[in-house]
Amino acid sequence: MILLDRAAGLGIMGGGAFIVLAVIGILLFVVLEAYPLFRPAKIWPIATTAGLADVRLLGVDEYRDLAYALGSAPSIRLFDPVGGKTVSDLPLDSLAGASLTAAAASPRHDRLVVGTSDGRIQEIDLGFSPVYHEDGRRTTEAEMEQGRVRRIGEGTLSVRRLAFSSQDAGSVTLAETSDGRIYVLREVVRTTLVGEAVREHAALELGGVKPSRATALAVSESGRAIFVGMEDGGVQAWSLEEEPRFLETFQGVEKPGVPVTALAVAIGGNTVIVGGGDGSLAGWFRSRDPASPQGAKRFMPVHRIATLPSQVVALAPSGRDRGFVSADGSGAVRLHFLTNERTLLALAGDGAVRALAFAPKADGILVATESGEARHYGLHNPHPEISLRALFGKIWYEGYDRPDRVWQSTGGSDEFEGKFNLVPLLFGTIKGTLYALLFAVPIALLAAIYASQFLHHRIRNVLKPAIEIMAALPSVVLGLIAGLFLAPRLETIVPGTIFSLVLLPVFFLGASILWKVFPARWTDRFPTGTEVILLIPIAFLAIWSGQALGPLLERALFAGDFRHWLNGAHGVRYDQRNCIVVGFAMGFAVIPIIFTICEDALSAVPQGLVSGSIACGASRWQTALQIVLPAAGSGIFSAIMIGFGRAVGETMIVLMATGNTPIMDWSIFNGMRTLSANIAVEVPEAPYRGTLYRVLFFSGFLLFLTTFIVNTAAEVIRLRLKRKYGNY
Amino acid sequence: MRRLATRPREIEATRRPLVGSVWVQLVRRGDPFVWLTGGALACAAVMVLGVLAIIASSGIGAMWPRPLTRIVTKDGSAYLGQIIAREEIPSYAEGAGGHRILMRIGNRDLYGVDFKWFDEADLDSRSRPVDAIVMERLEWGHFYGTVEAVRFPGGEATGDAAWPRLRREIRESRRRSTEIRRMESREVGRTNAEIEKTRLAIRRIELSGEAATPQGKASIEGLRERSAEAVRRFEALRPRLEGLRAADAEYRVIVRSARGETREYPISHIVRAFRPNEAGFLGLVGVYLSRVGEFLSADPRESNTEGGIFPAIFGTVLMTLLMTIAVVPLGVLAALYLREYAKQGTVISILRIAVNNLAGVPSIVFGLFGLGFFAYAVGGSIDHVLFPERLPSPTFGGGGLLWASLTLALLTVPVVIVATEEALAAVPRGIREGSIACGASKFQTITRIVVPSAAPGIMTGAILAMARGAGEVAPLMITGVVKLAPKLPLDGQFPFLHLERKFMHLGFHIYDVGFQSPNVEAAKPMVYAATLLLIAIVVLLNLAAILIRNRLREKYRTGAFG
């Protein structure tokens, strides 16, 4: 028996403690899900492959099973980047005899172009195909297909530099010969009527570049933008539609006279990354020029990312996001992210770097050094775009005219960059909460004063359950009333409604004065504390008068139509689902909470204080205002805080009664999007443990923290108040 | 008291005799301000009354059949429909100063839209033809028009005979189609379940790596045979079903729209037909009751804008029950620990504050937790261990009934803890001491004496938790509620209660139909009716809790030992 008792005791202790702790563990879980956002990128060496001399190009397949390097011999050397062994050589038969002088690859590394010492250029398709074995192992095999050999210039000059991009419908190659001329070679794949693919080739010289001044070349992935970096630090930008069209030259390296040493185009094709001889790294894209009165667009140094200790030798952009890898003169390799201008990690230099490759899935880096080694690093960097600045600060996104705070988590294309700024949502949350409290606090507080100090106990028994039912109404119902019933009706009666709100207190005050004039025969029937029965019809009367007078007012003040006037005279847009609607609905949800706690606090003020005050000759109002209210002050404060906590986290009402657009505008006639509604809208679509998912957990954590702090503070204040008057 | 003594200004102010002008008296006595505070309370009361009145009137009236009005516009086109709203034309629009009416003109297959605005100034005539019928159909919404003829095997009814015949045939047809549907759903459901089961069993054998062994081959062969057998059984039934359907299709009705087009529809597509202008009050009540019946018991159709909401009611009730089953033991255990076993001190006060404040943590955060922890983390692991053959489509690894219920249980556990703690505290000390004095152990005292005495309080907590849970939507919409669930979570297929299934919920239904529906105007009656139902459930639960609480107070007020 005793044993059973002990066991049961332990069971309850253990179980109870576990439940309490598990409940608190929610916070921990939410934090843990959000935490990886802020973990630094991780890099680790995997293997080093030796014997790769004079490397001009490196590439690797999607799974990082098989890599290749191109040296000066006309062959592709395949090697195993994990085992660190060379696998085989794929000889380039049609280029036999010549030596390779330049090479470039597409971002997925599966198409490349090579140039030789005798001016020949050839495109090569490398098909990587993973093979799954019986025992679950995976190996990757490469299959090569050589394209047509083309010649540029007179055939005597060697190819000095290449840039390349390939699309489904063809490719664009940018080639510089040893005399400094630059050629654009295009291949267009056309499908004939019978469904046959025909490849058409064209080559033309890029005019306007003085011989031997170009120091770097780049082509965007779409092949529509061409960039030529020059000796004096300038970058020429061209657009390529049918013909190359010169756009402008901008000073890519801002220090004059310093050459451009590396160029790359980030994903999306609009931002060019410029590396300079002085180690400067900057991202440029076309944007509205603030200096130009017409707002013309020109290239702007949007992202000044870093200044490396020595010249930028190589750049490799990611094919996944706006990250890229750089190598400097000392051989140090760094990982950067364009949009938030962060350098995520750095590897100390160990011998000069000849070539860089960023794995197609952005999960690894290959570095070829002067000493003939290819080093393979694994990379874990799932959320490069997140930084405190990205979450809260202003960021200049591609396609925007200025740095801004934007929330836009999903877009139409793969190249879309998620914009995860929480400030518009925080703003929306605070805006909604403030309007709700603006509406709720006066009503709840005044009502609580009346209910606790003056209300007749019999009416109290009727009104209390009414307020309790008000608290029990599901928020989805309030949202429905607000969004489907109130919003479309309010649209036409805005002035009348505002007028009604003004008339309500006027009518109440007026009624009290009229009451004095009434003969005592009538007024005696309503003893103190029963005024509220008379006031309900008066409230209806006030609302009705406001609505009746509203159209007159609208005609007199707002030229007949308020919304038109608002838009015309003040340029304020009127949204159907706006803050008046939200304020009302959320206020409705908050009033019972504030009311109940306020009333408890006011009722808890010891009767002795009240009696004392009345005995001293104070009127009941003076007692309420000057004795009871200050005494219950902290309780009232805590009530408002708990109301705040409830309004901050309210989801359904906001979801239904606002337009859910993440804009930052204090206007009461606009909507907003709050943190909580944002979670509800976006989390079903967010990939598990992706960046959006974790950002939403982070915003959930912010909500949790806010409400928890506010509620705990309120609770502590309340308890202190209880202790203070507990001994009366 | 100290406060009074140190603030002589106040006393000064109050001691002065109430003289001076009426205004000064008024302000000093403060009656207007008292009235103002009373006004605030009146406003709150008006708001509650207003919201309840709006929902009650819109909800109760939603199903009431409105009369059909035939209008002819000045350019000669005629429409038949129900007038939904009338409003003044805004001043900036054409025809300002006049009124316009919104009509539900139905016949979506003919007109493309259900609703149309008409300026009253453009109308030539209005009438209420007695022979106008409303035909509620399985697809394309309502049809408004007149009956021309009814065709049935071996005959045709035209003229005055058409309408009574149509009514009879609809009744017959409803009976037939119920039978067909029952047969279909039973047989098709059984066949599909069988095929799916064998497919999964085969997949399981393949995954276990035994597919190549002779034993594995044999069992796969057997399973394939079973699947084929199920299909054959179903095929054998098909001619009968098709025969029934073909016979059903021979009953047709020919109707004419207000514009004069005639259309022929199979009677099996008609849910209900009536003549609102002729029916009289009792007839309309009949239609109303029949609609309410359908609303409560039928599945939704026309992307949730018509039909019933039975699956949503069912889902709400089942989810709330599961939640209660989870939350009551949890809450009671935690409260027993906090109140009876834990040593009262700072740690416990902090824990208590933390638990209390969990009630104030936004429900969407609980939803996030439910999705991330229950569905993705726990559910994902369950899938990997128990249902590898179904991957990559999740079984427990996505939102579902179980996870939604558990999430809501976490959300409502503070309610139960607080209520139970209060109830435990209210159990008089004398009873406990009596029990201990009789030689009972602490555990015996708690299980036999304390918990039974606190039972009404615990029940209050449970009911309050149910009320909160039934009305909560935000966490559910990310942990398993869907707009249309193909199957109920409780059915005749083993294991009968499908905890992993997604389900429908009243609250989410309101949000989805009212705000995400392609045809919000047509869905409004459904939305308001569903709202009324939800409020009725929540308010009833709350009233029950209040009643129990009050009775409990009475009991202890009189029964306390001193």
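**Figure 1. Helix α15 of chain B in the predicted model.** This close-up of a predicted model shows helix α15 (residues 506-516) of chain B, which is largely enclosed by the rest of the structure because 9 of its 11 residues are buried.

**Figure 2. Asn678(A) and its surroundings.** Chain A also has a helix numbered α15, which spans residues 675-682 and contains Asn678(A). Is Asn678(A) buried or exposed? Asn678(A) counts as buried because 27 C-beta neighbours lie inside 10 Å, and a residue needs 20 or more such neighbours to be classed in this way. When residues up to four places away in sequence are left out, Asn678(A) touches Leu425(A), Arg673(A) and Ser699(A). For orientation, Phe392(A) lies 286 residues from Asn678(A) along the chain, and the C-alpha atoms of these two residues are separated by 16 Å.

Figure 3. Strand β11 (residues 170-177) of chain A runs antiparallel to strand β12 (residues 182-191) of chain A, and 7 bridges join them. Within this pairing, Leu174(A) has Val184(A) in β12(A) as its bridge partner. The hairpin of β11(A) and β12(A) has 4 residues between the strands, and here Gly180(A) takes a positive phi near 90 degrees. β12(A) also pairs with strand β13 (residues 197-205) of chain A, in the antiparallel sense and over 9 bridges. In this second pairing, Tyr183(A) stands opposite Glu205(A) in β13(A). The hairpin formed by β12(A) and β13(A) has 5 residues between the strands, and its turn includes Gly195(A), whose positive phi is about 90 degrees.

Figure 4. Which residues touch the most other members of the largest nonpolar core? In this core of 318 residues, they are Ala482(A), Ala585(A) and Ile594(A). Helix α10 (residues 579-603) of chain A supplies the largest share of the core, with 18 residues. The contacts of Ile594(A), not counting residues up to four places away in sequence, include Ala440(A), Val441(A), Ala444(A) and Leu445(A). Ile594(A) also touches Ala639(A), Ile640(A) and Gly643(A).

**Figure 5. The contact between chain A and chain B.** The contact takes 96 residues from chain A and 82 residues from chain B. On the side of chain A that touches chain B, helix α1 (residues 2-34) of chain A provides the largest share, 18 residues. Sorted by class, this side of chain A has 68 nonpolar, 21 polar and 7 charged residues.

Figure 6. Chain A has 16 helices and 30 strands. Its radius of gyration is 36 Å, well over the 27 Å that the globule rule gives for 728 residues, so chain A is more spread out than a compact globule. Along the principal axes, the C-alpha atoms of chain A fill a box of roughly 120 × 85 × 55 Å. Of the 728 residues in chain A, 49% are buried. Among contacts in chain A with a separation of 6 or more, 62% join residues 24 or more positions apart.

Definitions and conventions: Residues are numbered from 1 along each chain as its sequence is written. Chains are lettered from A and ligands numbered from 1 in the order in which they are written. This is a predicted model: local features need pLDDT of at least 70, side-chain atom pairs count only at pLDDT 80 or more; totals for chains, interfaces and linings use all residues. Helices (H or I, at least four residues) and strands (E, at least two) are DSSP runs, numbered from the N terminus. A residue is buried if 20 or more other C-beta atoms lie within 10 Å of its own, exposed if 12 or fewer, and partly exposed in between; C-beta atoms are placed from the backbone. Two residues are in contact if their C-beta atoms, placed from the backbone, lie within 7 Å. Ala, Val, Leu, Ile, Met, Phe, Trp, Tyr, Cys and Pro count as nonpolar, Asp, Glu, Lys and Arg as charged, and the others, Gly among them, as polar. The radius of gyration is taken over C-alpha atoms; the globule rule is 2.2 Å times the number of residues to the power 0.38. A nonpolar core is a set of buried Ala, Val, Leu, Ile, Met, Phe, Trp, Tyr and Cys residues joined through C-beta atoms within 7 Å. Two strands pair if DSSP finds at least two bridges between them.
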